[in-house]
Amino acid sequence: KQWYQRRVAITAGGLSVYLFGELGNLSTHIAFKNMRPAGSKTRVIPVPNGNPFTLLFNLVSCPNYTYEMISWLGFSIMTQTFFAGLFAVVGGAQMCQWAIGKHKNYKKEFDTYPKNRKAMFPFII
């Protein structure tokens with residue numbers, strides 16, 4: 001019985017982390033979409049809007065990847081399988097590479113790009 005209760009608690013915790021990551025990911029994708037006028041190719045420096053999930057734009061260039069990584073971490077906790085964890089690590093490494101590339105492009109494209117922003121993980125990368 002204790003094992004079952006512990007498993008339910010871990011699954012619920014993992015699900016909570018997963019849902020948090022998915023909501024954040026959705027919020028940042030909507031924010032990205034709304035930063036560009038319809039039919040335009042105009043690029044702007046990403047900034048937070050009224051949605052609290054978009055505050056991560058103050059710290060990283062690609063918060064969508066940060067939230068995606070949070071989702072995969074939650075999924076790995078929820079399922080407690082080796083392959084889910086492996087996918088999270090490999091997927092996270094790939095997303096980190098994409099984020100670093102986008103971060104470099106932002107810095108090259110915008111002279112006023114915030115110097116304190118990192119690519120994907122606040123204060124780290």
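## Model and confidence

pLDDT is the predictor's confidence in each residue, on a scale from 0 to 100. Among the elements of this protein, α1 has the lowest mean pLDDT, 94, and α2 the highest, 97; for the protein as a whole the mean is 94, with 100% of the residues at 70 or more.

The model is predicted, and local features need pLDDT of at least 70, side-chain atom pairs count only at pLDDT 80 or more, and totals for chains, interfaces and linings use all residues. Residues are numbered from 1 along each chain as its sequence is written, and side-chain values use heavy atoms, with hydrogens and water left out.

## Fold

The protein has three helices and zero strands, in the order α-α-α from the N terminus on, where helices (H or I, at least four residues) and strands (E, at least two) are DSSP runs numbered from the N terminus. Its C-alpha trace spans about 60 × 25 × 25 Å along the principal axes.

## Packing of α1 and α2

Helix α1 (residues 2–34) packs with α2 at an angle of about 160 degrees, their axes lying 7 Å apart; axes are lines fitted to C-alpha atoms, for helices over the stretch in contact, and angles run from 0 to 180 degrees between N-to-C directions. The two helices α1 and α2 are therefore roughly antiparallel, a term for angles over 145 degrees.

The residues of the contact of α1 with α2 comprise twelve nonpolar, eleven polar and three charged (Ala, Val, Leu, Ile, Met, Phe, Trp, Tyr, Cys and Pro count as nonpolar, Asp, Glu, Lys and Arg as charged, and the others, Gly among them, as polar).

## Largest pocket

The largest pocket holds about 270 Å³ of space, a pocket being an open set of points on a 1 Å grid over the protein atoms alone where a 1.4 Å probe fits, with protein on both sides within 12 Å along at least five of seven lines. The volume is the space filled by probe spheres set on the points, which are joined across faces, edges and corners.

Its lining has 13 residues, with F32, R36, R43, P46 and Y106 nearest the centre, where lining residues have an atom within 4 Å of a point. Both α2 (63–79) and α3 (82–109) give two or more residues to this lining, and α3 gives the most, with three.

Definitions and conventions
Parallel < 35°, antiparallel > 145°, perpendicular 65-115°, else oblique.
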